[in-house]
Amino acid sequence: MLAMNYRGPYRVRADHKPDPVIEHPGDAIVRVTRSCICGSDLHLYHGMVPDTRVGHTFGHEFIGEVVDIGPDVKSLKVGDRVLVPFNLFCGNCFYCKHELYGNCHNTNAQATAVGGIYGYSHTAGGYDGGQAEYVRVPMADVGPMVIPDDIHDDDAVLLTDALPTGYQAAEMGDIKEGDTVVVFGAGPVGIFAAKSAWLMGAGRVIVVDEVEYRLEFVKRYAQCEVVNFREVNDMGEHIKKMTDWMGADVCIDAVGGDAAGSIAQTLTGRLMKMQAGASTVLHWAINSARKGGNVSIVGVYGPTFNAVPIGNALNKGLTLRMNQASVKRHLPRLIEHIRAGRINPKEIITHRIPLEEVSDAYHIFSSKLDECIKTVLIPPSAREVKAVKASAQNAQN
Amino acid sequence: MKTSHEVDPHSHQHHHKGHTHQFQQDYPDEQQRPTREQLAHINGWGADLDRKDRPGVPMERTPPRFIPEPVGKLPQQPQHVEVLVSTERPGITPIFGTAQPPSGLSGMIRRAAFRWAENDLRHWLLLLAADRVNVVEGVADDLAHGKVPNVLAEMGIKSEWQYNKAGLVKKVAIAGAVVGTVAYLMRRKER
């Protein structure tokens with residue numbers, strides 16, 4: 001099969017690899033029809049996540065068709081169209097029994113802090129991901145969801161991570177009616193966090209980024225205010241000025257360790273790898289929140305340490321909440337929002353690129369070329385099947 | 001584009017336009033909030049205002065929804081390749097990934113890293129070092145299979161040329177200048 005192949009920082013290509021096989025009685029094999037490049041894939045692409053091995057296939061946002069199932073799989077059958085949450089989870093451990101599907105204890109042998117994640121290094125379990133034609137999906141009765149007929153593939157693929165993560169970011173902010181919510185990052189997760197903040201009754205939503213076309217997009221898509229941090233003197237001071245000198249009720253970090261905006265943080269966190277990524281946004285979030293406010297973190301940082309003003313968080317009495325999204329529990333409600341027209345996820349997709357051109361797809365997304373917001377990779381087998389179905393349809397007509 | 005530092009940040013609720021006040025007491029002691037009527041134009045506003053409609057509230061909920069009820073212990077996945085296991089676990093997990101088992105010099109470094117707990121910085125620093133060694137091994141492996149890696153293509157030079165010609169020319173010019181300067185200095189030193 002064709003699959004994305006990591007060769008080193010900033011170097012990926014499409015290569016042929018052996019097809020995945022059933023390795024556990026609860027496994028399924030899924031033929032991928034769409035997979036996205038996620039902002040957090042860029043942390044891998046930039047060489048920031050420890051134990052990212054050469055030859056690894058990234059991709060934790062994918063949908064597809066079930067082509068094989070293990071003997072224990074009861075709820076899926078060959079031919080089902082499924083969306084696969086980015087977390088691998090067992091449904092059996094203490095955490096899964098408490099709906100913390102993003103914190104499963106049984107799917108990642110190599111670390112305890114993080115659960116298993118498809119295509120996200122060996123620190124997240126060493127599973128090849130969905131930027132490929134086929135992928136092994138463990139615990140197939142538990143993780144995947146059969147996609148309802150009325151949900152478009154492009155919406156479904158965004159339900160595997162970006163939309164639930166953005167929604168959970170807002171949810172963890174514990175937004176109350178009329179709250180001022182500042183979202184740092186106008187990437188896909190930040191865009192969905194802004195949209196979700198309104199669903200939860202925010203009074204004001206402000207999105208901060210440096211990329212003009214993304215700010216323009218989110219301003220229209222999420223009906224929010226925007227701030228370009230390159231154009232303000234100091235982020236904390238600016239948010240105070242915008243909020244009657246109080247600070248925001250809720251600040252959301254939807255960027256993580258790849259943040260720009262501070263020379264010291266960029267140097268120590270991104271270039272010299274002396275921190276687990278640049279914690280610029282976390283610094284801004286803590287210093288921009290009002291006393292007693294909430295900071296919600298979904299931006300990804302590495303496992304070592306980061307320089308953050310924790311003393312300010314203490315003195316201000318902030319509540320810091322963070323987690324990987326437990327995708328599965330958000331799906332029914334988010335599908336209701338899509339059906340009701342409150343959210344149109346697929347509108348953020350700007351690029352559909354053949355898997356064969358994965359090197360350029362990563363570069364376009366990473367360097368924000370061609371006004372890229374969200375990239376979807378289409379494997380060759382998915383295009384062939386689509387062409388065959390279209391020709392069969394034409395023959396019938 | 002006008003961003004919120006240039007314009008009245010929220011015209012329906014704010015009255016300050018960047019003018020300076022001398023005293024803190026000139027400002028309200030709490031933020032002004034918009035009314036529901038002022039927010040009526042926002043698509044979907046307040047649909048999940050009630051916490052009962054937020055699926056992740058409370059964060060921990062049992063019994064879990066949306067997954068089948070667990071029946072006994074999970075079957076153990078058979079192990080056919082080397083998998084490194086965190087020292088913070090009693091043993092291998094029932095389900096695990098089998099992609100890219102450790103190999104070569106990078107594999108030796110990774111095995112060494114797994115002698116220390118995730119809590120220990122040495123664990124992570126060794127893994128990062130192994131990753132860099134692994135990149136060199138990857139190039140050697142390509143060459144051993146008769147493949148010369150097209151590094152520029154892997155880095156997406158085609159799209160850089162298509163969408164950022166000026167930037168690419170600038171990068172090439174800077175790289176050329178650096179290489180030229182180094183070569184000149186080295187030749188000068190030889191003389």
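Colleague: How many residues does the contact take from chain B and how many from chain A?
Modeller: The model is predicted, so local features need pLDDT of at least 70 and side-chain atom pairs 80 or more, while totals for chains, interfaces and linings use all residues. Residues are numbered from 1 along each chain as written, with chains lettered from A and ligands numbered from 1 in written order. Counting residues in contact (C-beta atoms, placed from the backbone, within 7 Å), the totals are 76 from chain B and 89 from chain A.

Colleague: Which element gives the largest share of the side of chain B that touches chain A?
Modeller: Elements are DSSP runs, helices of at least four residues (H or I) and strands of at least two (E), numbered from the N terminus. Those giving two or more residues to this side are α2 (121-144), α3 (151-154) and α4 (157-163) of chain B. The largest share, nine residues, comes from α2(B).

Colleague: In chain A, which strands stand at the edges of the open sheet?
Modeller: The sheet has six strands in the order β12-β11-β10-β13-β14-β15 (chain A), with parallel pairing (at least two DSSP bridges between two strands). From one strand to the next, the twist averages 20°. A strand with a single partner has one side left without a neighbour in the sheet, so the edges are β12 and β15 (319-322) of chain A.

Colleague: Which residue of β12(A) is the bridge partner of A:D209?
Modeller: β11(A) and β12(A) pair in the parallel sense over four bridges. In β12(A), the partner of A:D209 is A:N228.

Colleague: What angle does the direction of helix α5 of chain A make with that of β12(A)?
Modeller: Helix α5 (residues 212-221) of chain A packs on the sheet and touches β11 and β12 of chain A. Angles run from 0 to 180 degrees between N-to-C directions, along axes fitted to C-alpha atoms, for helices over the stretch in contact. The angle with β12(A) is about 170°.

Colleague: At what angle do the axes of α3 and α10 of chain A cross?
Modeller: The axes of α3 (residues 162-172) and α10 (residues 327-339) of chain A come within 10 Å. Their contact is made by A:L163, A:P164, A:Y167 and A:Q168 of α3(A) and A:V327, A:H330 and A:L334 of α10(A). The helices cross at roughly 90°.

Notes. Two residues are in contact if their C-beta atoms, placed from the backbone, lie within 7 Å.
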